[in-house]
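User: I'm new to reading structures. Could we go through this one together, question by question?

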Amino acid sequence: MKTIKEINEKIKKGEAVVVTAEEIIELVDKKGLKKAAQEVDVVTTGTFGPMCSSGAYFNIGHSKPRIKLGGGVCKFNDVPLYTGFAAVDVYLGATAVPDDDPRNKVFPGEFKYGGGHVIQELVAGKDVRLEATAYGTDCYPRKRLETYINLKDLNEAVLFNIRNCYQNYNVAVNLSDKTIYTYMGMLKPQIGNANYCSAGQLSPLLKDPCYKTIGIGTKIFLGGGIGYVAWQGTQHNPATKRKDNGVPNAPAGTIAVIGDLKQMKAEWLVGTSMLGYGVTLTVGIGVPIPVLGEETIRYAAAKDEEIYTQIVDYSESYPQMVPGSLGEVNYAQLKTGKIIVQGKEVPTGNLSSYSRAREIAEELKSWIKKGDFLLTEPVVPLPGAESGYAFKPLKERPINYKEI
Amino acid sequence: MICKKIVLHFPRRLVDQPIVYKLVKEFDLQFNILKASVTPQEEGLMVLELSGKKENYALGMEYLQSCGVKVQPLSQDITCNEEKCTNCGVCVPICPTDALYVDTKSRKIIFDSKKCIACELCVKICPPRAMEVRF
């Protein structure tokens, strides 16, 4: 058994043994769990996929005369931000689109530009056009503001994603007779394709499936820079059914993450357009897993063929909230490019970039090896399977207008 | 025998002429229309797979050029902007000719422009919009 403190001492001395979540699989196969647990100090993971509940908050600095954006309207490159804060704090959501975007009026809408793209451009160092209107007060008299802004000049620019890094995800198919356009991509009729979205054996929460090391406060690779796990993500669902290896066989845990946008890189925060669906942000995340003992290694060495997920119909089942799966497949099957659904051979596509996930795990490995990146002790663990934490549907109740 | 995929640009004055018909009738060439569009008052565009005897093919090309049709090989027209591509792979099952595929070792997405028929299905479904059209 090792402690995070001991591992950090080794990292500082440049003596830590760090391997990626792919390399640990090979190592365990070759040397066994016990030997691998003794030799390895840290396993690095990675994922690079579209993550819609992402966004960033900014403090743009006070103008002269002052303006109070709270209660007003503020746009970056025509994309509206949330202004319900104090004078110059604003939040830009990844899925926001300009007011004049035709959306799905001409179906399927193209969604060429939105919040995710603005975030990428800001990180790339490009100037962004800010336009704001406010109602004016005695202390904040200004009613209009138009200016270019640049990330480097802002006071705070913080990426704060309230749900990222899903632990496992559905395979999406379309049982209907017409093409549908979803957040899982274009799905051809009669199970014409099957789209999935996970880095499988490299994905952070699949390699620590019972949240033994990842918790609130965990320091991570976020968007090419350093970030932290801020909380469990929204819709965190630890009670999802699990296999004997602890790995949930459907979407389960999530994390909320935070980090200084100014030290991130545009190649790891990519504005993304989903035809007929909307815009989003593709986010790169890598989580280091400290090897505390054999158990950590056993979890971290789970292979694609041991990680299962559900095939879900997105023409009826998903939109209508009808539970049910068309079958279970593992990531090794998905990665062959073909799976069998209802007796039909179906080509598969991944929305999550495996090659970029691998790059993240390698990058994080190099940071730790160089001694630049120390691990953190989680402040509080994420709610686990036994915590009673649940993901509930909305309970709609009719509104009685007479009583209002 | 020769078989090539080409893009024909018809100037406005030619869009009502039976030019492709002549390729068949006079030069004994076989064609498969992969894409065609004519905008009123503008130019016409046609993507063809054209096959036939080598000498006939050459004569056919000469004929097209003499009429004022601009001929261009197809492979130049759809490109993958590698700076934008994130190598996700959602395009792979959509491509009807397997011109887009996953390299099993690197897990990177390869675009084989020789197999591309310029159907453009990948263009709008590409999440970072890395597939570009240059007709």
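Analyst: Gladly! One term to begin with: a residue is buried if 20 or more other C-beta atoms lie within 10 Å of its own, exposed if 12 or fewer, and partly exposed in between, with C-beta atoms placed from the backbone. This is a predicted model, where local features need pLDDT of at least 70, side-chain atom pairs count only at pLDDT 80 or more, and totals for chains, interfaces and linings use all residues. Residues are numbered from 1 along each chain as its sequence is written, while chains are lettered from A and ligands numbered from 1 in the order in which they are written.

User: Which pattern does chain B follow along the sequence?

Analyst: Helices (H or I, at least four residues) and strands (E, at least two) are DSSP runs, numbered from the N terminus. Chain B has three helices and eight strands. Read along the sequence, they give β-α-β-β-α-β-β-β-β-α-β.

User: How far does helix H2 of chain B reach from its first C-alpha to its last?

Analyst: H2(B) covers residues 54-67, which is 14 residues. The expected span is 1.5 Å times one less than the number of residues. For H2(B) that expectation is 20 Å, and the helix comes close to it, reaching 20 Å.

User: Why do the buried residues of H2(B) lie on the same side?

Analyst: The buried residues are Tyr57(B), Gly60(B) and Leu64(B).

User: What covers the buried residues of H2(B)?

Analyst: Here contact means that two residues have C-beta atoms, placed from the backbone, within 7 Å. The cover includes E1, helix H1 (19-27), E3 and strand E4 (70-73) of chain B.

User: How far apart are the C-alpha centres of the two domains of chain B?

Analyst: The domain bounds come from an automatic or database domain assignment. They divide chain B into domain 1 (2-74) and domain 2 (77-135). Seven residues of domain 1 are in contact with six of domain 2 in chain B. The C-alpha centres of these domains lie apart by 26 Å.
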